[in-house]
Amino acid sequence: QKKRPWRNKLRKEKAKEAAKKEKEEMGEMDVIGEGDDGDKKKKKKKKKKRANAVLDEIIRDGKAAREKEEGEEEMEGVEEGAVGDTKLEDAKEKIRSGIFRYINEQLYTVKSADAVELFKNEPDSFWAYHEGFAQQTKKWPNHPLRLIIQWLLGKDSGKVVFDLGCGEAKIAEAVGNRHDVRSFDLVAVNERVTACDMAHLPEKDGVADIVVFCLSLMGTNLLDFIKEARRVLKTGGILKIAEVTSRFVNPKVFVEAVCKLGFAVHERKAVTDYFIIMQFTKIEKVENKRPYGLVLKPCLYKKR
């Protein structure tokens, strides 16, 4: 075999280059490792600095509190007290919001009879919910209750109106001198309201000209509410429903389901992007006692 010294020489040079490259890479890794350690040390220093700053702030606050208590710096004490009051109010507001969300979820995910029991056993919870709901309505661009009141004012006087899930009985307050308004809710917040389960109204059959559900179709027994509304309505009487648009899985299917329970649809219109108002008339024929599609999603508020 013919010797080729140039090939061996080439191999040696390649081996040297590879060793050199490997050594350089190892050196870079060392530098990177040192950099990482340096970054960690810097982060520790920053963390320690922040901790010291917080500690200093706590010490300053404690000193200010003592000065306030001893009366050495009255003005500073007043300012600290004002900040404390603000923080306390913020904490209370968070607690109230949490209670409202919890009760709201209960009302949408249990039967009405269970909701009656809830407020019967814990009366304060209704007021917590009532206050929370009032705060929510202040953020709305429009309230369907205003439109319903305007509509009732345009009706001939003397109508018997049932306001189901009435809250403060605002309809009775607004048009009570024009119509015979009877207000029902789980708890009576004032003398205008009759406390009851909306699935079992303390009224005779066929006495109402108009039944209103304004944002009050809560509870899992929705079918019972619609059936009870039909029971107390006169033939030809009006069922008015106002609800949050996002609660409807399919508005058309919902309307069809209500109609099968013995109603004819008269109107369905959107109020901005937030609400839908529907109007039905009671008819003689009941096509289906348990129709498909009578479903509303619970209106749950996001945790913040």
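## Basis of the description

Helices (H or I, at least four residues) and strands (E, at least two) are DSSP runs, numbered from the N terminus. The model is predicted: local features need pLDDT of at least 70, side-chain atom pairs count only at pLDDT 80 or more, and totals for chains, interfaces and linings use all residues. Residues are numbered from 1 along each chain as its sequence is written, and side-chain values use heavy atoms, with hydrogens and water left out.

## Ala242 and strand 5

Ala242 belongs to strand 5, which spans residues 233-244. Ala242 counts as buried because its relative accessibility is 0%; buried means under 20% relative accessible area (1.4 Å probe, protein chains only). Strand 5 as a whole is mostly covered, with nine of its twelve residues buried.

Contact means heavy atoms within 4.5 Å. Leaving aside residues up to four places away in sequence, Ala242 touches Pro144, Ile148, Phe213, Cys214, Leu215, Ile276 and Ile277. Phe213 is 29 residues from Ala242 in sequence, while their C-alpha atoms are 6.3 Å apart.

## Neighbours of strand 5

Two strands pair if DSSP finds at least two bridges between them. Strand 4 (residues 208-214) runs parallel to strand 5 and is joined to it by six bridges; Val212 has Lys240 as its bridge partner in strand 5. Strand 7 (residues 275-282) runs antiparallel to strand 5, with seven bridges between them, and Glu243 has Ile276 as its bridge partner in strand 7.

Strand 4, helix 7 (residues 222-232) and strand 5 form a right-handed β-α-β unit. Right-handed means that, with the strands pointing away from the viewer, the path from the first strand over the helix to the second runs clockwise.

## Strands 1 to 3

Five bridges pair strand 1 (residues 160-164) with strand 2 (residues 180-185) in the parallel sense. Between these strands the chain passes through helix 6 (residues 170-175), and this β-α-β crossover is right-handed. Strand 2 also pairs in the parallel sense with strand 3 (residues 193-195), over three bridges. In strand 3, Thr194 is the bridge partner of Phe184.

Key: Buried means under 20% relative accessible area, exposed over 50%, partly exposed in between (1.4 Å probe, protein chains only).
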